[in-house]
Amino acid sequence: MKKGRMDTRVVKNVKATELSRDLMESDNFPFCLTTTYRYPDAVTIAKRFKGEDDGMVYSRMNNPTTRALAKKVAELEGAEAGLCFSTGMSAITNVFLSLSNAGNNVVVNQTVYGGTHKLVTDELPRFGITARRFENAHPEQVESLADEKTTCIFVETPSNPTLGIVDIAAVAKIAKKKGIPLVVDNTFSTPVLQQPISLGADIVIHSATKYLNGSASLVAGIAVGKKELIQKIYDRTFWTFGSTLGAFDAGMLLLSIQSVAVRMQRHCENALKVAKFLEAHPKVERVFYPGLPSHPQHEIAKKQMKGFGGIVAFTVKGGRHTAQKVVDSTQVCERLINLGQNITTICHNASTTHSELDEEALKKAGISENFIRLSVGLEDPQDIMEDLGEALKLV
Ligand SMILES: Cc1ncc(COP(=O)(O)O)c(C=O)c1O
């Protein structure tokens, strides 16, 4: 810098290294809002490009804050490694496309989130990857569906929005025997309620947009699992597809996760009360909640979950119009299609989150026209039940 000229290069004068000790010792992990990293010398950066040095290169590939988040979620799930993605769908897409080539197939349970359904039904086939579906209650079907061309078995449990339960350990046994990675979408449970890796899964996925965040302030996805599988995702699609999560959102998620255990406990308590209330209501046809003995897979849920989560679904006596009237009449339950947030949300799934499904697929997924999904929040449960009671009075 020439004498007399103002040096505007702030970071040149105040080096990050001078600050880093204090930053690292602060209670919260620093939000490392940077694209790139000053490297010490040409040989070191060359090693980083070769993967021989795990220092930072460029934030599409790695960032201290996103790395800390991946490490935290991996630790909670009992996994060896992890990666953070821009959304839950990005995590799922990366997992499928990094494990598979044209000509391969994936085995997926029948009831999954609408975006995942569309991905495996319409999009993966365009890349020569087909999906074979198995019924939630029949994990033994995986045995005949999976063959030498199968690259992964994917399970969403509890599933969105019908709360289908798949026996993770039973599928894991078949997956292990056949040497095929088992991937579990654990969005509804979080590691607080269910730890698929301890049941034999190889990769666990989260839409961190939901419970891991809680406040509905960001979209994010995380995949954790065996080191070699996570490395494969990183090498094959992660940085080439440009799927990474921004450091700011990763930092926010690290803060949210501090309260996830307490939030999940309250979600479970409230949801069970709401599920019991709805089950006893004369205008309700059926309630879907794995914590109720009436759920067909209640025993399996009890075996693999520490709590049954905050999502409760029900069918109201009547058709689409009646269900939409209930949705339109609530005051406490907010008309929002998101789930897993601190406030209670209500939605009509056939016309929203699962509107991509045709009539036959909706039927197979068990989403009827009179079906309503609730994401039970942290409010006083009495307020939620009274609100639903008032709305049901109007139909
Ligand atoms: C179970 C499940 N998995 C994945 C996703 C996709 O997550 P995102 O919206 O963060 O892409 C969702 C979204 O609702 C979901 O419910």
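Begin by selecting Pro158, which sits in the loop that joins strand S4 (150–156) to helix H8 (168–178); helices (H or I, at least four residues) and strands (E, at least two) are DSSP runs, numbered from the N terminus. Residues are numbered from 1 along each chain as its sequence is written. What you have open is a predicted model, in which local features need pLDDT of at least 70, side-chain atom pairs count only at pLDDT 80 or more, and totals for chains, interfaces and linings use all residues.

Display the backbone and look at the peptide bond from Thr157 to Pro158, which is cis, with omega near -10 degrees. Moving along, select Asn160 and Pro161, where the peptide bond between them is cis with omega near 5 degrees; Pro161 is also placed in the loop between S4 and H8.

Stay in the loop between S4 and H8 and select Leu163, a residue other than glycine whose phi is positive, near 60 degrees. Is Leu163 buried or exposed? Leu163 has 28 C-beta neighbours inside 10 Å, so it counts as buried (20 or more other C-beta atoms within 10 Å of its own; exposed means 12 or fewer, partly exposed in between, with C-beta atoms placed from the backbone).

Next, go to Ala216 in the loop between strand S6 (203–207) and strand S7 (221–225). Ala216 has a positive phi of about 55 degrees although it is not a glycine, and with 17 other C-beta atoms within 10 Å it is partly exposed.

Finally, select the ligand, which 13 residues surround, the closest being Thr87, Gly88, Met89, Ser207 and Thr209; a residue is near a molecule if its C-beta atom, placed from the backbone, lies within 6 Å of it.
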